[in-house]
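This note collects comments on helix geometry, helix packing and selected residues.

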Amino acid sequence: MVFWIVAAAMTAVVTLAIGWPLLRRDGRGEGSAEEHDVEVYAAQLRELDGDLDRGTIAPGEAASARAEIGRRLLRASERAKAATGSGAPLAGGRGFQRSMIVGVVAILAVPAIAFAFYGSIGAPRLPDQPLALREQPQPGRDDFDLATLVDKAEARLRTNPEDGSGWEVLAPIYLRMNRPQDAAEAFRKAIDLNGPSASRFGGLGEALAEISGGEVTGEAKTAFERALQLNPSYLPAKFFLALDASQEQRAEDAETRWSGLIAESPKDAPWLRIAEAGLADARQRLGKPPVAGTTTPGDGVAAASPAAGPDDGADAGGAGPGAAGGTGTGFQGPDAAAMAAAAQLPEGDRQAMIEGMVSQLAERLKQSPDDVEGWKRLIRSYTVLGKTDEAKTALADARKTFPADSAAAREIAAFADEIGL
Amino acid sequence: MIVEIGHFALVLALSVALFQSVLPLVGARQGDQRLMETGTIAATGGFVLIAIAFSALVTANVTSDFSVLNVFENSNSAKPMLYKVTGVWGNHEGSMLLWVLILAFFGSLVALFGRDLPATLKANVLAVQAWILAAFLLFILLTSNPFQRLDPAPMEGQDLNPVLQDIGLAIHPPLLYLGYVGFSVAFSFAIAALIDGRIDAAWARWVRPWTLIAWIFLTLGISMGSYWAYYELGWGGWWFWDPVENASFMPWLAGTALLHSALVMEKRSALKIWTILLAILTFSLSLLGTFLVRSGVLTSVHAFATDPTRGIFILCILCLFIGGALFLFALRASSLEGGGLFAPISREGALVFNNLFLTTAAATVLVGTLYPLVLEVLADKKISVGAPFFDLTFGPLMVPLLFAVPFGPLLGWKRGDLLGAAQRLYFAAGCALAALIGVLAYTGGTRILTAFGFALAFWLLAGSLTDLFLKAAFLRTGWRTGLSRLVGLPRSTFGTTLAHFGLGVTLLGIVSVSSFEEELITTMAPGQTAEIAGYTLTFDSIAQRDGPNFEAQAAQFSIRRGGVELAEIDTSKRFFPVRQMTTTESGIWTHWFSQLYVSLGDPSEDRQSIVVRIWSKPLVTLIWIGTIFMGLGGVFSLADRRLRVGAPARNKGKGAGTGGSPAVGAGA
């Protein structure tokens with residue numbers, strides 16, 4: 001709106017200014033071109049005299065020059081007289097009316113052309129977007145910068161450290177940004193200020209586990225147990241306690257915990273595959289046959305990491321390009337904690353866990369295939385696992401997904417070349 | 001909003017230019033003062049509007065508003081502030097905007113300073129000026145709109161071509177455009193005279209200062225561009241006969257001719273029709289230069305444009321204006337009044353000689369520039385016409401012209417005395433002879449051509465001063481009176497002397513560099529030394545020194561002569577990751593007028609040593625210093641009081657008639 005006011009004002013000023021002379025009554029000029037010539041020659045004569053005084057011109061030369069200019073002057077003044085004598089050379093009243101009409105039409109054309117042309121090529125609604133402005137987080141825009149957000153929240157908490165909900169918001173973000181020390185600190189503050197809750201203790205436990213490289217230490221275990229006390233059906237805590245049992249090779253305990261977790265989990269829980277792998281491993285140790293008819297894989301909804309924080313949305317996990325612009329599209333890769341946990345697992349478990357995650361990714365891509373990074377990760381995972389055939393199938397699927405001439409297809413092809421498929 | 005305001009202002013400027021291209025013309029036809037006057041305000045208003053648009057684009061660049069496509073393509077938030085500003089015209093769209101800004105600027109100058117012009121002449125001039133403006137505004141808005149938007153805005157821009165990230169970009173294009181576009185005024189005056197079918201007495205007096213302004217800027221712009229290419233490209237050359245350079249050199253040659261023929265017309269009312277033709281040709285060559293650079297038909301650093309629609313659009317503008325102007329000329333030239341007569345040996349004759357050679361030289365450059373293009377289009381063959389062609393054609397044309405320069409100012413108008421002039425040049429001839437003998441002795445008689453080159457340069461230097469010396473009449477009247485006479489000389493005399501002297505200075509630099517330059521290309525490791533022209537260069541160190549938007553390998557050299565350290569040179573190679581391009585920052589040590597020039601090449605396989613190119617360039621700076629003299633000459637000539645009297649003041653009382661000038665005119 002402001003733009004249109006400014007544009008209209010600009011147009012009005014310009015149009016009025018150029019139309020101003022038309023408002024005058026009399027349009028006749030003051031002197032004819034011939035009279036003007038006379039003045040020029042007279043000035044030349046004066047200049048010649050100046051040159052002569054300064055001695056820059058020889059007297060003989062000056063005399064011939066004066067004669068020549070004089071001749072021209074004479075001729076010009078005769079013509080000027082003739083022009084004046086022949087009456088007004090300019091058009092009379094009707095001519096003026098005609099030129100007035102021309103003038104008015106032209107004046108009206110100026111704003112008309114300007115607005116019509118601008119209307120067809122301009123973008124009046126598009127605001128300026130200088131860099132300084134775009135660096136601020138904008139509501140409704142998802143490309144805001146996480147680091148900037150965190151900086152802002154930290155600054156706020158420095159001035160007001162008693163803001164419990166501030167810590168509570170920040171803690172899971174720290175966890176996601178792979179800053180477990182800060183995350184643990186923030187969860188502790190949140191517990192102090194806001195009181196204990198299952199998710200706060202669960203988060204603390206996860207942070208502690210991450211600090212020690214994925215191992216569920218005694219401290220972490222205590223935190224998870226507190227979480228379960230507060231909310232006996234808090235599944236993430238159960239997951240980590242089961243993981244702890246696996247890590248410490250308490251096979252029987254692990255079997256109970258994993259099968260309990262599987263029974264309680266929703267069918268689309270992201271940790272199901274790992275849980276099943278853990279259960280299989282535990283049963284193997286106990287010499288029991290594997291569970292028949294494993295649970296169907298999750299529905300492909302990329303869900304939270306096991307220890308979902310209060311507002312922890314869909315894009316948990318540090319891996320992947322999610323920070324740059326993902327709106328929750330694309331599987332974000334194995335959760336950092338889960339990866340760390342996998343590293344602690346015995347060989348067979350680790351393999352199972354990884355395979356579980358890979359097949360989860362494959363499932364996800366079936367649901368929403370428009371994810372180049374996801375396809376690349378899937379193909380790479382199959383290659384790493386030595387499953388060349390499946391890698392090829394995935395590659396073929398990816399090629400089918402994207403139009404042959406699209407940037408995505410080229411990217412996939414280049415990637416395939418790169419890993420030698 | 002600022003961006004869109006700028007966009008709207010540009011469209012409004014087009015609308016106003018269309019208005020201005022019709023109404024004053026109708027007014028001049030019908031003798032309606034009111035319609036004619038609208039041109040004055042429209043020209044000023046158009047300039048203000050384009051200035052608003054330009055400021056908006058500058059703002060978008062400074063604030064890194066990547067929602068503007070042009071800013072996204074040519075800027076980067078990490079770019080230093082200076083280049084954010086200069087980057088505005090470091091690309092096709094922005095530079096075209098600068099072009100029309102300057103065009104509108106000249107138009108508004110004519111409108112403001114042209115109060116004393118005959119009303120119809122002024123109205124016609126402004127209308128023609130508006131045609132050009134409208135054509136180019138349309139070109140910008142339809143094919144190269146700098147205000148094209150992007151939504152959503154990308155986070156980071158693609159950065160400016162690294163070669164252009166230099167202080168040179170701040171100065172060179174604006175100067176060059178002021179020159180190119182300044183000739184549009186002479187063009188408009190020529191067309192206005194043709195439309196009216198008469199050449200006013202004030203015509204030449206008006207055309208000359210405008211031509212002079214354009215010429216000064218063009219001279220300095222070309223010179224600046226040459227120096228920029230010299231130190232930035234790292235090839236050590238100062239002129240490459242590159243089509244883009246030629247594109248600016250052709251209008252310069254034609255403009256220089258115009259300057260001289262306008263002189264004849266002003267003083268003697270002769271050569272009128274020729275001057276008009278020359279004014280048309282000069283601006284046509286400017287347009288051609290714009291076409292060559294902007295259409296992308298050339299492949300060089302300057303040719304940013306790649307879109308063929310642009311090329312065709314400019315070609316249409318080119319055909320319309322050049323073809324139209326020449327057609328009008330053919331139609332009306334015969335009805336124009338011819339001028340005074342003069343003997344072949346006279347000041348006029350000398351200036352005709354000058355015109356002949358300059359226009360032929362311009363034609364030669366035109367052929368050398370266009371021939372490869374035509375061949376490429378017709379025969380699909382790619383050839384390059386370079387220095388050998390121009391040395392053989394342009395060089396020989398310049399020799400007689402330069403030889404004749406000192407004679408010109410010494411010849412009288414109408415009838416001159418060649419023998420007398422030659423006699424007065426004995427001192428200059430002596431200087432030339434001394435230079436000839438000196439160089440022959442220095443080189444052991446092996447460099448005859450070089451010796452003649454030096455002789456010609458000294459002939460020019462001494463010959464141009466002779467005129468001043470004689471006009472002050474030092475010998476006749478003694479030093480005291482001579483000095484006071486010297487001070488009293490019209491400034492245009494100083495202008496002539498300075499410009500011709502500058503020509504000699506430039507020639508001296510050119511001859512010296514092309515004859516005595518030494519070049520050394522070698523691989524060096526830190527600690528090693530190289531010998532050139534009696535100097536010892538030691539490669540002291542090389543280190544990584546990164547800038548805000550580039551990574552640089554910086555090397556340090558120290559220069560010694562006879563064991564005494566004279567100077568240190570820094571030179572570097574910069575890599576710009578955003579554009580994946582490398583530039584060289586040559587190290588230059590200036591001692592008096594000569595320079596040592598060092599630039600880095602590629603490192604060797606084992607990265608222990610690096611290719612180093614070293615040049616010794618004796619008197620090289622004179623090439624550019626000479627052009628400063630030329631420009632200064634132009635300024636002096638422009639400052640001549642008499643040029644301002646040219647358009648006579650309406651109030652005659654102040655006209656200070658020193659002699660018994662007949663008071664004709666006032667009563668008429």
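What span should the 13 residues of helix H11 (residues 235-247) of chain A have at 1.5 Å a residue, and how far apart are its end C-alpha atoms? The points below begin with that check; the model under review is a predicted one.

1. Helix H11 of chain A. The 13 residues of H11(A), at 1.5 Å a residue, should span 18 Å, and the end C-alpha atoms are 18 Å apart, so expectation and model agree. H11(A) is mostly covered, with 13 of its 13 residues buried.

2. The residue after H11(A). A:Gln249 follows H11(A) and is placed in the loop between H11 and helix H12 (251-264) of chain A. The phi of A:Gln249 is positive, at about 60 degrees, although the residue is not a glycine. For context, most residues other than glycine have a negative phi.

3. Helix H13 of chain A. H13(A) (residues 272-285) has 14 residues, and the distance from its first C-alpha to its last is 20 Å, close to the 20 Å expected at 1.5 Å a residue. This helix is also mostly covered: 10 of its 14 residues are buried. Among the buried residues of H13(A) are A:Leu272, A:Ile274, A:Ala275 and A:Leu279, and also A:Glu276, A:Asp281 and A:Arg283. H13(A) is followed by A:Gly287, which has a positive phi near 75 degrees.

4. A:Val358. This residue lies in helix H16 (residues 347-367) of chain A. Its relative accessibility is 7%, and A:Val358 therefore counts as buried, the cut-off being under 20%. Leaving aside neighbours within four places in sequence, A:Val358 is in contact with A:Leu378, A:Ser381, A:Tyr382 and A:Leu385. A:Val358 and A:Arg273 are 85 residues apart in sequence, while their C-alpha atoms are 9.6 Å apart in space.

5. Packing of H2 and H6 in chain B. Helix H2 (residues 33-62) and helix H6 (residues 119-143) of chain B pack at an angle of about 40 degrees, and their axes are 9 Å apart. The crossing of H2(B) and H6(B) is left-handed. On the H2(B) side the contact is made by B:Gln33, B:Met36, B:Gly39, B:Thr40, B:Ala43 and B:Ile50; on the H6(B) side it is made by B:Ala119, B:Thr120, B:Lys122, B:Ala123, B:Leu126, B:Leu133 and B:Leu137. By class, this contact has 8 nonpolar, 4 polar and 1 charged residues.

6. B:Ser64 is found in the loop between H2 and helix H3 (69-74) of chain B. Its phi is near 50 degrees, a positive value in a residue other than glycine. Is B:Ser64 buried or exposed? With a relative accessible area of 1%, B:Ser64 is buried.

7. Packing of H5 and H8 in chain B. Helix H5 (residues 92-113) and helix H8 (residues 202-232) of chain B pack at an angle of about 145 degrees, with their axes 13 Å apart. H5(B) passes H8(B) in a right-handed crossing. In this contact B:Phe106, B:Leu109, B:Val110 and B:Phe113 of H5(B) meet B:Trp206, B:Trp210 and B:Ile213 of H8(B). These residues divide into 7 nonpolar, no polar and no charged.

8. B:Thr256. The place of B:Thr256 is in helix H9 (residues 243-268) of chain B. B:Thr256 counts as buried because its relative accessibility is 9%, against a cut-off of under 20%. Which side chain does B:Thr256 join through a polar contact? The partner is B:Trp215, at 3.0 Å between the two side chains. With neighbours within four places in sequence set aside, B:Thr256 is in contact with B:Trp215 and B:Leu358.

9. B:Phe454. Helix H17 (residues 448-472) of chain B holds B:Phe454. The relative accessible area of B:Phe454 is 8%, so this residue is buried. Apart from neighbours within four places in sequence, B:Phe454 is in contact with B:Ala435, B:Val439, B:Leu508, B:Val511, B:Ser512 and B:Phe516. For one of these residues, B:Ser512, the separation from B:Phe454 is 58 residues in sequence and 7.7 Å in space, C-alpha to C-alpha.

Notes:
Residues are numbered from 1 along each chain as its sequence is written. Chains are lettered from A and ligands numbered from 1 in the order in which they are written. This is a predicted model: local features need pLDDT of at least 70, side-chain atom pairs count only at pLDDT 80 or more; totals for chains, interfaces and linings use all residues. Side-chain values use heavy atoms; hydrogens and water are left out. Axes are lines fitted to C-alpha atoms, for helices over the stretch in contact, and angles run from 0 to 180 degrees between N-to-C directions. Helices (H or I, at least four residues) and strands (E, at least two) are DSSP runs, numbered from the N terminus. A crossing is left-handed if the near helix is turned anticlockwise from the far one by less than a right angle, and right-handed if clockwise. Contact means heavy atoms within 4.5 Å. Ala, Val, Leu, Ile, Met, Phe, Trp, Tyr, Cys and Pro count as nonpolar, Asp, Glu, Lys and Arg as charged, and the others, Gly among them, as polar. The expected span of a helix is 1.5 Å times one less than its number of residues. Buried means under 20% relative accessible area, exposed over 50%, partly exposed in between (1.4 Å probe, protein chains only). A polar contact is a pair of N or O atoms within 3.5 Å; within protein, one must be able to donate a hydrogen and the other to accept it, and residues adjacent in sequence count only if both atoms are side-chain atoms.
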